[in-house]
Amino acid sequence: MDSPLPAGVSANGGNLAFAAFLRDRRRHLDPGSVGLPAGRRRRTPGLRREEVAQLADIGTAWYTALEQGRDVRPSDQVLANLARALRLTAVERDHLFTLAGRRPPARLEGTGEGVDAQSLALLRRLEPDPAYIVDARWDVLAWNQGAADLFRFDAEAPAYGRNMLWRYFTRSPTPEERSDWNATARALASIFRGQSAAHANDPRFRTLIDDLLVASDTFRRVWPGQEVRALCAGRKWVNHPVRGRQEYDFVPLLLPSMPGASLMVYLLRPAADGGTGEGGHGMGRAPLPEPVTRLVSP
């Protein structure tokens with residue numbers, strides 16, 4: 001009499017639990033959340049197999065074999081690519097590795113979820129200039145030490161604590177900000193309005209918008225508008241928690257490996273240009289999802 005097979009293992013040596021998890025996560029992923037058009041009518045919810053394979057940079061036939069529970073052994077790199085393609089959380093990524101019989105990778109401080117190794121390496125190379133990665137919902141996913149010092153990202157964060165919209169709209173303006181506060185609020189709303197339209201079916205976006213409408217008088221006032229604009233480079237004042245008020249140029253860079261995400265880089269302007277002095281123009285010269293004086297107090 002044959003011995004019973006271990007739980008989750010098929011007769012051909014494949015991994016049924018791993019395959020079932022892949023299928024489930026694929027079917028729960030909205031095409032718009034990964035930058036794919038809805039396209040022709042879809043008979044089933046979620047992404048198609050070939051779309052996941054393309055996002056994970058693997059062959060469609062090979063990915064299909066994984067979903068069918070065949071005896072295929074993916075490498076750590078392939079598992080990492082699948083986790084990023086399926087937009088898995090850190091917990092889900094660890095579960096994926098465990099189901100595949102591999103040790104989950106160590107979690108790095110400040111890396112957030114779904115950020116590829118190349119982007120993390122770039123963050124480190126940009127030191128000491130502050131830089132962080134923000135996704136389409138304006139959640140900060142990863143940052144370098146310069147950004148941690150400037151924006152206190154390492155501090156314990158409450159709900160939405162690292163969401164840049166929330167940090168801006170749920171606080172009061174400082175005296176330096178008041179003259180530009182409403183214009184900046186409208187600009188921020190116009191940027192997010194265009195970005196959120198591509199994620200209309202994502203409940204995370206709807207929840208954030210609903211919560212902002214409850215929490216912020218300013219957001220309730222500006223959100224019904226119809227203006228749409230793109231996030232672009234600009235200049236603004238930021239209050240450093242130690243060095244005081246400083247002027248920065250900021251540059252948003254799109255990340256092809258993370259649809260909808262941007263790498264935000266801040267470049268301190270030389271003192272000769274008034275970059276570290278007081279006075280001059282207030283914040284809000286150019287819109288950015290960043291609460292520029294949030295760090296006056298912890």
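This is a predicted model: local features need pLDDT of at least 70, side-chain atom pairs count only at pLDDT 80 or more; totals for chains, interfaces and linings use all residues.
1. Tyr 266 has an aromatic partner in Phe 151. Their ring centres lie 5.2 Å apart and the planes meet at 65°, so the pair is edge-to-face, the cut-off for that class being over 60 degrees. Phe 151 is buried as well, with a relative accessible area of 1%.

2. Phe 151 belongs to helix H7 (residues 145-151) and Tyr 266 to strand S5 (residues 262-268), so that the pair links distant parts of the chain, 115 residues apart.

3. A second pair is worth a look in your viewer. Phe 169 and Phe 219 have ring centres 5.2 Å apart and planes at 75°, so this pair is also edge-to-face. Phe 169 is in helix H8 (residues 164-169) and Phe 219 in helix H11 (residues 217-222), so the contact ties together parts that are 50 residues apart in sequence.

4. One aromatic cluster is formed by Trp 138, Tyr 168, Phe 169, Trp 181, Phe 192, Phe 205, Phe 219 and Trp 223.

5. Several of these names return in the largest nonpolar core, which has 36 residues. Those touching the most other members are Tyr 132, Trp 138, Phe 151, Phe 153, Phe 169, Phe 192 and Tyr 266. Helix H9 (residues 181-197) supplies the largest share of this core, six residues. A second, separate core holds 23 residues, including Leu 47, Ala 56, Ala 83 and Ala 85. As general background, nonpolar side chains tend to be buried together in soluble globular proteins.

6. Two charged side chains lie over ring faces. Arg 193 is over the face of Trp 223, at 5.2 Å from the ring centre. Lys 236 is over the face of Phe 250, at 5.3 Å from the ring centre.

7. Finally, a helix pair. Helix H2 (residues 49-56) packs with helix H3 (residues 60-67) at an angle of about 115°, and their axes are 9 Å apart. That angle makes H2 roughly perpendicular to H3. The crossing of H2 and H3 is right-handed.

Definitions and conventions
Residues are numbered from 1 along each chain as its sequence is written. Side-chain values use heavy atoms; hydrogens and water are left out. A nonpolar core is a set of buried Ala, Val, Leu, Ile, Met, Phe, Trp, Tyr and Cys residues joined through side-chain atoms within 4.5 Å. Buried means under 20% relative accessible area, exposed over 50%, partly exposed in between (1.4 Å probe, protein chains only). Helices (H or I, at least four residues) and strands (E, at least two) are DSSP runs, numbered from the N terminus. Rings of Phe, Tyr and Trp (its six-membered ring) pair if their centres lie within 6.5 Å; planes under 30 degrees apart count as stacked, over 60 as edge-to-face and the rest as tilted. A charge sits over a ring if NZ of Lys or CZ of Arg is within 6 Å of the ring centre and within 35 degrees of the ring normal. Axes are lines fitted to C-alpha atoms, for helices over the stretch in contact, and angles run from 0 to 180 degrees between N-to-C directions. Angles under 35 degrees count as roughly parallel, over 145 as roughly antiparallel, 65 to 115 as roughly perpendicular and the rest as oblique. A crossing is left-handed if the near helix is turned anticlockwise from the far one by less than a right angle, and right-handed if clockwise.
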